[in-house]
Amino acid sequence: MTTTTANKKLTKAHIVVILLFIGALFAYGYYEVVLKTKLNGATLIDNPTAKAINVKIDGQAYNVPANSYVAVELELGHHKIDCEAYNIAGQDLHLDPTEYGVINPTKSKYVIYNIIYTKKDLRDQFKPYQVEGKEVYSLLGEPEVSTALFIPDRTLGKGNIDTKEPSSESYNKMNQDYAFLTKIFRLQDFFEFYDKNNK
């Protein structure tokens with residue numbers, strides 16, 4: 001009688017362990033297939049110009065259509081890039097401090113700007129800065145204009161150029177007054193976003 005009870009308990013314990021193991025496998029698979037790219041962001045070869053370009057990174061060729069971008073998978077660290085249209089031949093490409101961000105073979109201008117989300121009136125705390133001759137206001141320092149070959153996404157996926165209108169849920173909570181998100185913009189997209197959200 002005791003042996004039968006022990007066997008039943010053992011069987012129930014085995015079932016629980018097996019179910020937990022299956023659940024863990026399912027969760028890991030869901031993370032790898034669905035969540036990983038959302039959480040970790042993307043590496044994008046961007047082409048904001050009016051003509052398609054051909055780019056090679058570590059010998060792998062990519063055609064990037066006009067006014068578009070192509071997502072690529074690259075490891076953190078050192079790579080080689082070629083883009084004949086912009087006289088880039090075997091140039092060093094360093095993906096650092098993250099592999100996620102914008103690869104900029106056209107050497108176009110991008111703006112890195114801290115977007116503020118708040119329900120309070122903080123206008124008196126914003127300071128004026130110049131971005132390409134236009135006055136813009138910022139709470140968290142001067143907007144950065146960059147033509148670097150690689151512009152890292154400091155948010156690891158929340159603030160890259162493929163996110164046009166970031167959700168307020170993706171902002172970093174600074175204090176009870178506001179939250180912020182450091183976002184990369186193409187230059188023209190930045191002015192459009194700024195004008196739309198600062199009327």
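1. Phe-190 is buried, its relative accessible area being 0%, where buried stands for under 20% relative accessible area, exposed for over 50% and partly exposed for what lies in between (1.4 Å probe, protein chains only). The model is a predicted one, in which local features need pLDDT of at least 70 and side-chain atom pairs count only at pLDDT 80 or more, while totals for chains, interfaces and linings use all residues. Residues are numbered from 1 along each chain as its sequence is written, and side-chain values use heavy atoms, with hydrogens and water left out.

2. Phe-185 and Phe-193 form a tilted aromatic pair, 5.0 Å centre to centre with 45° between the planes; rings of Phe, Tyr and Trp (its six-membered ring) pair if their centres lie within 6.5 Å, and planes under 30 degrees apart count as stacked, over 60 as edge-to-face and the rest as tilted. Phe-190 and Tyr-194 likewise make a tilted pair, at 5.9 Å centre to centre and 40° between the planes. These two residues are 4 apart in helix α2 (residues 187–197), and therefore separated by about one helical turn; helices are DSSP runs (H or I, at least four residues), as strands are (E, at least two), numbered from the N terminus.

3. Phe-185 is buried at 4% relative accessible area, Phe-193 at 11% and Tyr-194 at 7%. One aromatic cluster is formed by Tyr-113, Phe-185, Phe-190, Phe-191, Phe-193 and Tyr-194.

4. Across the protein chain there are 2 helices and 14 strands, and 37% of its 199 residues count as buried.
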